[in-house]
Every structure is written in C-alpha cells, then in structure tokens.
Amino acid sequence: MITLGPLSFAAPLALLGLLTLPVLWLLLRATPPAPKQALFPPLRLLLNVKDDAETPHSAPWWLILFRLLMAALIIIALARPSWGPQAEPSPADDAPLLLVIDNGWSAAENWSETRRLAGQWLDQARRDGRLAALILTAAHPDRQAPLRLDQPVNLDRRLQLARPQAWPSAYDLAETRIREARAQAFLPARMDVIWLSDGLDQTGQDGFARELSDLGPVRLWQPEDGRVPLAILPPEATPQGLDVRLQRIARPLPRDVSVTALGADGQAIARADTRFAADSGEVRLSIDLPLDLRNRITRLQIDGSNSAGAVHLLGDQWQRPRTGLIEPEGEDGQPLLSELHYIESALAPHTELVTGDLASLIDNDAAILVMVDSARSDDDTLSEFVEDGGVLLRFAGPRLAARSDDLLPVVLREGGRLFGGALNWDTPQRMAPFDDRSPFAGLPVDVSATIDRQVLAEPGTAAPDRIWARLEDGTPLVTAERRGNGWIILFHVTASPDWSDLPLSGLFPRMLQRITGLARTSDITPATSGAWVLDQILDGNGQLSRPGVSALPIPDEQWSARDATALTPPGLYRLGASLNTLNIATARTQLTAMSADLQGVRYMNGMIRQQIDLLPALLIGAFIALMADILLALALAGRLPRLPRRAGNGLTALLLAMGLSGLMIDPASAQPIEGSRPQSVEAALSLRFAYVETGDASVDQRSREGLTGLGFDVRSRSAMEPAPPHAVDPAVDELIFYPMIYWPVLETAQALDTQSAERVSAYLQSGGLIIFDTQDADRAFTRAGAPHPGLVSVLESIDVPTLSRIPNDHVLTKAFYLLQEFPGRYSGSPIWVEANPDGASRDGTSGVVIGAHDWAAAWAVGPNGEPLYPVDGGDRQREMARRVGVNMAMYALTGNYKADQVHVPALLERLGQ
C-alpha cells in the first residue's frame, strides 16, 4: 500500500499501467501503411481537377487525448485508490492487526459505533493486505474461537454476529488467551494493536494493557461523553415506595434520565425523571407508589438505554405482601414477651405488617394471616380466606396441644411432647437438614437451635409432601397443606422461645421469608438442590429470555457475595418456590472512567482512520467516458444525423463534459447516506433472506442468528450461496428482493398500517414466501384453543387466502429432503399453508407458512458455527429443523418444481405431447 497524503492506493503496482500511455498515444497516432500504387490511364483525365476533400491520416488529437484519459481512469481504478484524512502512523505498516473489542454490558450503550469502527479497521487491514486477529473481552468461555491470524473478511463476518454480553469484560481470561496464542506461535511477536474500549475502569485492565503493549504500541479508542454506560443500583424500600440510585461515569456534561417501573406483563406502572449534574456520577430518585402497585413491579429500567446494567430486576424479596397479625386476646402489655414480637421482627423487612382483629385484617386485603396459639379463632371466615387463595400461618401452643381443629395440615396427637424434663430421659432435639422438596431447601440449618417441646402429628397423617421441616429423629417440625387456592402452614412449636430456640436464631426470619413467597405464586416447585438455578437470562440488551448458555448453580450460602459473570449471568434464579434476581449492579458497584495512564497505551480520543473508496466513482467515470467515445466516433464517421454546426459543437462539448464528469463525482456520494437503508440495493445484487423486525431486541437477535445459521446450512448442502440476512420493516423496506422472509409474531403484535399491508400483500402476490412463526408451541395450550392474538391482528390486515393444515404430499415435504414433520426448537404444533395455492402469480405455490415451532432458535449458530439455543429433542431434532429450513429455502426459490418431478409418468407424457 502507498499513501500520498490523504490519497492512498491499495494495489499500487497497477499504476505501472500508466507507463503504457505514451505507447498507446503512438499507436493511436500512427497512420496505416501507404497503399500500393498502380497506373490507371483514365485517371489522367482527373489530374488537374481541384480536390477540396480532406482526409486525416489519424484521429484528431483531442479524441486521442480523451481516450488516453479514459484508459488512465481504468488503470487508476485498478490501483484501488481511497481518499481520507491522514491516518495515524502504524507502529509497523506490514504488521498484522490485533483488534481488541470490549463487548461487556457497558459496551451496549455504544455498540453500533464500536462495531462500525471495528469494521473500518478490518477493512483497512484488508486494503493493506494484512492478516488480523479479533478478541472479544467478554466472550463466553465455552464459545471462544481460537485466537489466531485470519483474513479480515472472515473476521468481519464474526464481527457482524458479535453482540454485547450481559456480564463485565473478563480481562484476565483475555490476557491468558493472548499469552497462550503467543506461546503456540498463533500470534507473531509484533502486531498493530487497536483497542476499542467501553471507557469503564474494570478489574484486570492493567495486566491486560501490559500484555498488549508487549506486542507493540497500543492505540485505544473510548466512547464520547454522551454515550457512557448507565447503571441502576439496588433500590431501597421506603414507606412511600422505592428509592433508586443511578450511576454513570462522571462527565462534565449534565444528562437527563428517566426510570420506568414495569410489571410482569411489560406494562409501565410508574415513571420518574432526574438529572445528572455536571461532573456528577450518581443521582437518586424516588418512585412513590401504594403497596399494591409496588408489589406488581418486576423490573426497573432506564428509558432509552439498552444495556443489562440499565435494567434492575426485582425478585420475591422486593415484593412486600400485606401480612396480617391476628391480635391475641388478653395481652399483658409486655411486648417483648409476646409471640407476635418475634414474628414482627422476622417479617418486618419483607412484608407490610398490619395488626388487628380477623375482620379488619380481611377487609385490608391481607395476603397472609399469622395466628399464634393465644390468638386462635374458629371463625369460618378463615376457611373462606384460605379457599380464596390466602396463606394461613399458624404456630402451636398449649391450647392447640390440648385441642386441635380443622384448619390444620395434619391430624395432631393430643398432648405435647416434652424434652429435657426432670422425668424424661430424652435430650432437646435439633433440626434435620431440609429436604430438597421443601420450600426451605438450601437454607443452612442452625445447629444452635434446639426444640424442647412440640405438638405431634398422628402417625400416617403427615405425608412426605406435607412435611417441610423435621427434627433429627424424623418427627415433623413444619407441615403444610394446599387447601383450595391457598395454604395452611403449621409450625409445631410456639412463635416465642417458650418451646424452642428457633425464634431466636437467624434461620427463623429466612424461613418466614420463604413462606411469604407463597403469597405471590400458585404452587411450589420442588428444589432439585440447595442452589439457585438460572430460570431466565438477562441478555446484553436488557431483555429476559430462556437461557441459551450453560450457567452454574449458585449455592444459597454464596448468593449474597455472587456477582454476575459469564458462568453466572444476570437474570432470574429459582430455588423451589422462591425467585431471586442477579443483577449487574450491586450495592458495591462504583462506575469510574478508565485509567488515563495504562502502560504502553496511546489514546486516540475518538480519531480513527476513515477512508472513502474512489473505485466506484472512477469506474462510473470510465463507463461514461466510454459511452461518450462511442458517440464521438459515430459522429466523426458520419453515422449520426447531421446537425447544424453550432448544435454539433454543443453536442461535442456536452459529450466531453460527460466523459470528464466521472472525475468530478463526489466520492462520498458512493457511500450510504447517514440514516438511510441501502440494503435494497444489496438485496437486489445478491441472494438474501430477511426477517421482520419486531422491536424486541432478543427476538430480533434470535431471528438474525437463525437466518445466518440457515444460510450456512444452505451453502454447505446445496449450490445456493445466500449472503448474510437483512432486517426489514414492511413500512419502509422494499420486500420484493427477498425470496423468503421469516416473521416472528409476538402476542403483542398490532395490525399493519395501510401502506405496510399493501406492501406485504403485493409481496405475496409476486411469488414471495413468508414464514410466520409465533414461537410458542411450548405454551400454546395455555390459550385453551384460542387463536394467537398477534397473529390474528397481522393476518387480518393483509390479503391472506384460505388456510389449511399442510398435507402429507405437499411440496415442502420433498423440496430437498423427505420430511413428514416440521420441528424447530419445539415440535408437535400444526403447520398451516394456503389451501388452494393456484393463483397465477404464485404458480401453484403457497405464499405463507404458519407455525409455532421457533425455527430460528433451532437454526441459530454462533460465530464458530456452534448452536446457541437448546432444542427440546436434542441434536436429532436440531438436524431435522435444519432440514426443514433447507426445504423452506428451496421451496421459496423453486416453487412447485418438485411437484412435477415426482410425477414422472405425467411429465413424460407431457413432453411427448
């Protein structure tokens, strides 16, 4: 590569062709050989005739110069010139490029700009003829590609699939990968290192910078001040609602932010605004809500920010059900000796406590009622309360030991059990470890808590599923029974220290906290171990989805000290009936700017090499010049209609101007305009599949990954070579260029506007294929036969013909593979196609395929071709899903071709006619 100020040439040897221009000049100026003279006597009669005709011996000089200019344009274009600002000098122009990209949660705020700049550096390496290596600092340990040199065009494909992760960058792991690659000679000793950072100071950056500087000087880019990451720290519960803390990297510019509280259905419950002052890195805001609305909040998120740090999930511990304490009769005025004192101390941090008589508590809509032995009541209202879904928590005592009732989970034996008495040889008992099926599973047993007295269950009445806690000798300590829609739970000891030390232990409030979770769920889920298991993962864009990566269970005793990592990603974790959340930001989080004195690092301050490719402009100019030359040649040969002299001179000047206009084309005009969607041109020039954008980042990401994986399968199994997929919006994009469009339909999907509906209908009538996928075959039964609301809204707005279940002999069953089922991530749901696809424009093929199997998740692959999402039927079902995708692609491109091929006799008869 040669650089001349802002002008550079990627293939400078092609400029040697300019040396041939003088030779070309001589060839064009050379006259043909003189004709052989022969004497013809009659010509003497014309000897003295005046000859005023002039025949040139060669082309005019200006035409030759014009043709030389056209040749020069082609030669310069072959040298692949580009124009741009003077780039920073590379430490070694021929050194391979090492591109380091921070793709942790804090990079999501500026990911589009980061990926754009990374693409520019890879394109520059391609122009320079250099190899490159790419390392993502937050790559999952199980999905890391080998760190070695490769062609920049291959790395650019990986870059297009890369996305920000939901955990911080792991610089120690990235440092180890570089060290191992150098030890195995996968990386050379000298490299040109470009580090596209997220601007956040994180653990391990100093050692990582030293490792990079050993390869050569490091140039580091940081995002602009207005694009620094934001994070929501754990809120604090207040009597009025929630007190929320927000953090950012302190910057000199103020910034306005809004926080929205969302419910489980995604509906906004409350919104609050605040402002970061100049040079401030933290701000507080309050969300004031009554308890009933506050308990509906499942997440807080910063509006306009799409990172995992800008979302804070709220689990069971943040929902405070209203708990009613039934007031005992005849209190003696000594609160520290009251049983309710210990219950209040244990439940106060987790619930809203209300004390009163039974009638007033039910009128206050209490979700849990606590009844100690001295507050015992036989009111029928209690039974109605439990039947309607309430939780009744009872504690034993002398009155219950003497006489039981019907509001108990087990039948009690009359009389209590006494340990350690003067007439008893037994010693006080301790608690046994909790069973995995118990809601208390995972809680460590307090060995210091002893039980002196308890009420006993009659043998045979305490089924194993009703016993939630036992003593060491196997006798039940806590029993429970589902009654109607509610629960009855009994502690076989008192709520005060009279019968046991349990109320004095730290285990007591944790057990009661688990019980309060029953006020928010309809059933309990048996725990498989004493550890929290990932239930839903929070992705890099702050959206919840099913786990697509393996996550380690988190032991309950380690939960409070656990931070989000690649192996324990943020999201919702479940242990039995309890649901907990692991978030990016914790109470210990402090966002600070990256150090300005990292070893061997030079900061680019946002300046990066940006080149404008002159090749398109030069080729366009050469083509225009060629057309002008043809017209000039025809005019000089007299093959064009004769024009007046002035008109002829004007036409000549116009043609010359057209030929020279190629040099005056603004090179930037060949580049995509900011904010435009130039993908229609790309789709027209290459085979591409497309997917419809839904607005849900996780669904759109899965669609892109799925069609990318389908493209790999089609390329490896057939002669088709589809390019990377495009995201389309029917409202603004032209659909006709895509043979097949994958449309994930959400339940919240709305009817299309008139313009979008007309565009989709025209696409179907022109022969296109749309795959509508509701992606809910695993839970469609919950609608009890009702149609998918989003699918109904979409189909009602477009011209879709009558549908029917796909027949066994449909072309889709034999377009490439022979299939009888069409599984995806799920299977078993019916597939629908057009009932009579005999329209002339569709040539007897169906324009729609409707299913619910989540095909995109089964097709989806990562940068190295590894599957990204689990499939219900394992590898066998994944392979069948890939075959379904290949059949769909073939069906979209070949139509009813296979329908003719399978009828060989009819086809031969047709040919014979």
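Helices (H or I, at least four residues) and strands (E, at least two) are DSSP runs, numbered from the N terminus. The views show a predicted model, where local features need pLDDT of at least 70 and side-chain atom pairs count only at pLDDT 80 or more, while totals for chains, interfaces and linings use all residues. Residues are numbered from 1 along each chain as its sequence is written, and side-chain values use heavy atoms, with hydrogens and water left out.

**View 1. Ser804 and Val833 across a stretch of chain.** Start with Ser804, which sits in strand S38, residues 803-805. Ser804 is partly exposed, at 23% relative accessible area; buried means under 20%, exposed over 50%, and partly exposed in between (1.4 Å probe, protein chains only).

**View 2. Glu113 and Arg116 pair up within helix H3.** The structure holds 25 salt bridges, each a side-chain nitrogen of Lys or Arg within 4 Å of a carboxyl oxygen of Asp or Glu. Here's one of them: Glu113 meets Arg116, with 2.6 Å between the closest N and O atoms. Both partners belong to H3 (residues 111-128) and are three residues apart, which is about one turn of the helix. Glu113 is partly exposed at 27% relative accessible area, and Arg116 is also partly exposed, at 37%.

**View 3. Arg179 and Glu211 bridge two helices.** In this salt bridge the closest N and O atoms are 3.6 Å apart. The pair ties together distant parts of the chain, with Arg179 coming from helix H5 (residues 171-183) and Glu211 from helix H6 (residues 205-213), 32 residues apart. Arg179 is partly exposed at 41%, whereas Glu211 counts as buried because its relative accessibility is 9%.

**View 4. A buried salt bridge between Asp405 and Arg376.** The side chains of these two meet at 3.1 Å, N to O. Here, too, distant parts of the chain are linked, 29 residues apart: Asp405 is in the loop between helix H11 (398-402) and strand S20 (412-418), and Arg376 is in the loop between strand S18 (368-371) and H10. Both Asp405 and Arg376 are buried.

**View 5. Arg322 reaches for a backbone oxygen.** Arg322 is part of strand S16, residues 322-326. With 15% relative accessibility, it counts as buried. Its side chain comes to 3.3 Å from the backbone oxygen of Asn364.

**View 6. Ala185 and Asp365, two non-glycine residues with positive phi.** Ala185 has a phi of about 65 degrees and belongs to the loop between H5 and strand S6 (192-196). At 62% relative accessibility, Ala185 is exposed. For Asp365, phi is near 60 degrees. You'll find Asp365 in the loop between helix H9 (358-363) and S18, where it is exposed with a relative accessible area of 55%.

**View 7. A patch of negative charge on the surface.** Asp379, Asp380, Glu384, Glu387 and Asp388 gather here. One of them, Glu384, is found in helix H10, residues 380-387. Patches are made of residues with over 30% relative accessible area and no salt bridge, joining like charges within 9 Å and nonpolar side chains (Val, Leu, Ile, Met, Phe, Trp, Tyr) within 5 Å.

**View 8. A nonpolar patch on the surface.** Phe623, Leu626, Met627, Ile630, Leu631 and Leu634 make up this one, and together they have about 490 Å² of accessible area (Shrake-Rupley method, 1.4 Å probe; for residues, only the protein chains shown count as cover). Take Leu626 as your landmark: it lies in helix H13, residues 615-636. Leu626 is partly exposed, with 37% relative accessible area.

**View 9. Helix H12, largely enclosed by the rest of the structure.** H12 spans residues 507-516, and seven of its 10 residues are buried, so the rest of the structure largely encloses it. The buried residues in H12 are Leu507, Phe508, Met511, Leu512, Arg514, Ile515 and Thr516.

Key
Lys, Arg positive; Asp, Glu negative; His and termini not counted. Charge placed at Lys NZ, Arg CZ, Asp CG, Glu CD. Polar contact = N/O pair within 3.5 Å; in protein donor to acceptor, adjacent residues only side chain to side chain.
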